[in-house]
Amino acid sequence: MNLDKIFLDQGSGGRSSRELIEKLFIPKFKNSYLNELNDSAVFELGGAKLALTTDSFVVDPIFFPGGDIGSLAVCGTVNDLAMRGARPCYLSAGFIIEEGFLIKDLEQILFSMEKIAREADIQIVTGDTKVVPKGAADKIFINTSGIGLVPLHIDIAGQNAKPGDAVLISGNIGDHGMTILSSREGLFLDSLLKSDVSPLNHMVQKMLKTGSEIHVLRDPTRGGLATTLNEIAFQSQVGIEVFQEAIPIHESVLAASEILGLDPLNMANEGKLVAVLPEIYAETVLAAMKETSYGSGAALIGWVKAENPGKVIMKTAIGGKRLIDMPAGEQLPRIC
Ligand code: MG
C-alpha cells in the first residue's frame, strides 16, 4: 500500500480501507475495543454496558429516492449501535456546510433526521455546525455519533461466528448502492427502486426478544454483503458458504448490475442486516424478522463452516463454487 497520500479507494469500506485502518490508525490508537474492529465499541461504565459509535456522511447526491443525507446519518449510527445488540439512546450530530448552501435544503435534511430519530426512538442531544468557504466542502457533510445500552447478558460481535451457524440476510441487497448510482448518473432504471435506508433497531429488539442466541449482527453498508461476510469470516476465523439462489436481489438491481458490469454483492445497503446464529434458532429468528416491515424479505442464505477459515464461498445456481472476495477498489465513491 502506498502511504504517501490518500487514494479514493481507501474510503471504499473494502480491502483498501481496511489496510489504511490497520497500517495507520490501529498502531497509533491501539486498545482492546478499537482492535476488535466491530460496528461499535462496547464497554462497561458505572455498572452499565454501553455501545459507542461514530460515522460521517458525504453522500452525493444529498437527496435521492427513498431518503437523503439526513436520514442516512441517523440510520447509519442507529444501525451500528443495534448491530451490537444495543438499544440506541442518544445521538450527536455535527454539520460541515459549504457557504451558499440553501436554508430550505438544510431544513429538509433536519426534518428527515427528526423523523427517523422519532421512529428509532432516539434523541439528538448535542451537535455542532461549521460553515466553510465555497469550494472547501461539497454542499454538506454530516457526522453522527451514538450511544446505546447493551443488556449485560448480550454478546454480539464479529468474532463470535461458529461452525454450524446459519447466515441470514434481512432482505434485498444492493438497493441503496444502485439507487445512488442511478440518481447520480441519470440512469432511469426503475421508478420503484429506492434506497433501503432505514433504522433497524426495532427489528433487532424483536429478534432478541425471541430469546434466541445471536452470535453476530452486521449491516452490509459500504463494500456490501461481500465485505461483511469476509469481515465475519476473518474475525471469527471460520469459512462461510452462501447459496447464490438464496440471496434476495431486486430484479432491476440484478438487471442493471449485469449491464453495468457491477456485482450486487459489493453494493451498499443502508437498511439491511446479516445475522449469524446457531441453527436451532434460525427458524424462530427468521420468522421474527419477517414480521417486521424492514425484514419482510428476510432469507437464510448460507452456513458457517470450519473449513476454509477466513474465506467466503458462493455455491452458484449452476452448481459451481466461486470465491467471494472483498472488493479491492472503489466501486462508487460517496455512497454514504
Ligand atoms: Mg456497520
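Trainee: At what angle do helix H3 (residues 69-82) and H4 pack?

Mentor: This is a predicted model. In it, the axes of H3 and H4 lie 7 Å apart. H3 passes H4 in a right-handed crossing. The packing angle is about 30°.

Trainee: Is H3 roughly parallel or roughly antiparallel to H4?

Mentor: The angle between H3 and H4 is about 30°. Angles under 35 degrees count as roughly parallel. H3 is therefore, relative to H4, roughly parallel.

Trainee: How do the residues of the contact of H3 with H4 divide by class?

Mentor: From H3 come Ile69, Gly70, Ser71, Val74, Cys75 and Val78. They meet Ile109, Ser112, Met113, Ile116, Ala117 and Ala120 in H4. The contact of H3 with H4 divides into nine nonpolar, three polar and no charged residues.

Trainee: Are H5 and H8 parallel or oblique to each other?

Mentor: The axes of helix H5 (residues 175-185) and helix H8 (residues 251-260) come within 10 Å. They cross at roughly 60°. Roughly perpendicular starts at 65 degrees, and roughly parallel needs an angle under 35. H5 and H8 are therefore oblique.

Trainee: Which hand does the crossing of H5 and H8 have, and what classes of residue make the contact?

Mentor: H5 passes H8 in a left-handed crossing. H5 supplies Asp175, Met178 and Leu181, and H8 supplies Val253, Ala256, Ser257 and Leu260. By class, the contact of H5 with H8 has five nonpolar, one polar and one charged residues.

Trainee: Which residues make the contact of H6 and H9?

Mentor: Helix H6 (residues 201-209) and helix H9 (residues 279-290) pack at about 145°, with axes 9 Å apart. The crossing of H6 and H9 is right-handed. The contact is made by Met203, Lys206 and Met207 of H6 and by Val285, Ala288 and Met289 of H9.

Trainee: And by class, what does the contact of H6 with H9 have?

Mentor: Lys206 of H6 is one of the residues in the contact, and Lys counts as charged. By class, the contact of H6 with H9 has five nonpolar, no polar and one charged residues.

Trainee: Now single residues. Is leucine 91 buried or exposed?

Mentor: Leucine 91 lies in strand E5 (residues 87-98). Its contacts beyond four places in sequence include Val74, Thr77, Ile124 and Gly146. The relative accessible area of leucine 91 is 2%. Buried means under 20%, so leucine 91 is buried.

Trainee: How far apart in space are leucine 91 and alanine 117, C-alpha to C-alpha?

Mentor: Leucine 91 is in strand E5, while Ala117 is one of the H4 residues that meet H3. Leucine 91 and alanine 117 are 26 residues apart in sequence. In space, C-alpha to C-alpha, the separation is 8.9 Å.

Trainee: What separates the C-alpha atoms of leucine 106 and isoleucine 140?

Mentor: Leucine 106 is in helix H4 (residues 103-120). Leaving out residues up to four places away in sequence, leucine 106 touches Ile97, Phe101 and Ile140. Along the chain, leucine 106 and isoleucine 140 are 34 residues apart. Their C-alpha atoms are separated by 8.7 Å.

Trainee: Which backbone oxygen does the side chain of serine 40 reach?

Mentor: Serine 40 sits in the loop between helix H2 (32-35) and strand E1 (41-45). Serine 40 is buried, with a relative accessible area of 4%. Beyond four places in sequence, its contacts include Leu52, Asp80 and Arg84. At 2.7 Å, the side chain reaches the backbone oxygen of aspartate 80.

Trainee: Is aspartate 121 buried or exposed?

Mentor: Aspartate 121 lies in the loop between H4 and strand E6 (123-132). Its phi is positive, about 65°, although it is not a glycine. The relative accessibility of aspartate 121 is 60%. Exposed means over 50%, so aspartate 121 counts as exposed.

Trainee: Where is arginine 334, and how does its accessibility count?

Mentor: Arginine 334 is in the segment after strand E14 (321-323). Its phi is also a positive value, near 55°. At 26% relative accessibility, arginine 334 counts as partly exposed.

Trainee: What is the peptide bond from aspartate 60 to proline 61?

Mentor: Proline 61 is in the loop between strand E2 (48-57) and strand E3 (63-64). Omega is near 5° for the bond from aspartate 60. The peptide bond is cis.

Terms used. Residues numbered from 1 in each chain as written. Predicted model: local features only at pLDDT ≥ 70, side-chain atom pairs only at ≥ 80, totals over all residues. Heavy atoms only, no water. Helix = DSSP H or I, 4+ residues; strand = E, 2+ residues; numbered from the N terminus. Buried < 20%, exposed > 50% of the residue type's maximum accessible area, 1.4 Å probe, protein only. Polar contact = N/O pair within 3.5 Å; in protein donor to acceptor, adjacent residues only side chain to side chain. Contact = heavy atoms within 4.5 Å. Axes fitted to C-alpha atoms, helices over the stretch in contact; angles between N-to-C directions. Parallel < 35°, antiparallel > 145°, perpendicular 65-115°, else oblique. Left-handed = near helix turned anticlockwise from the far one by under 90°.
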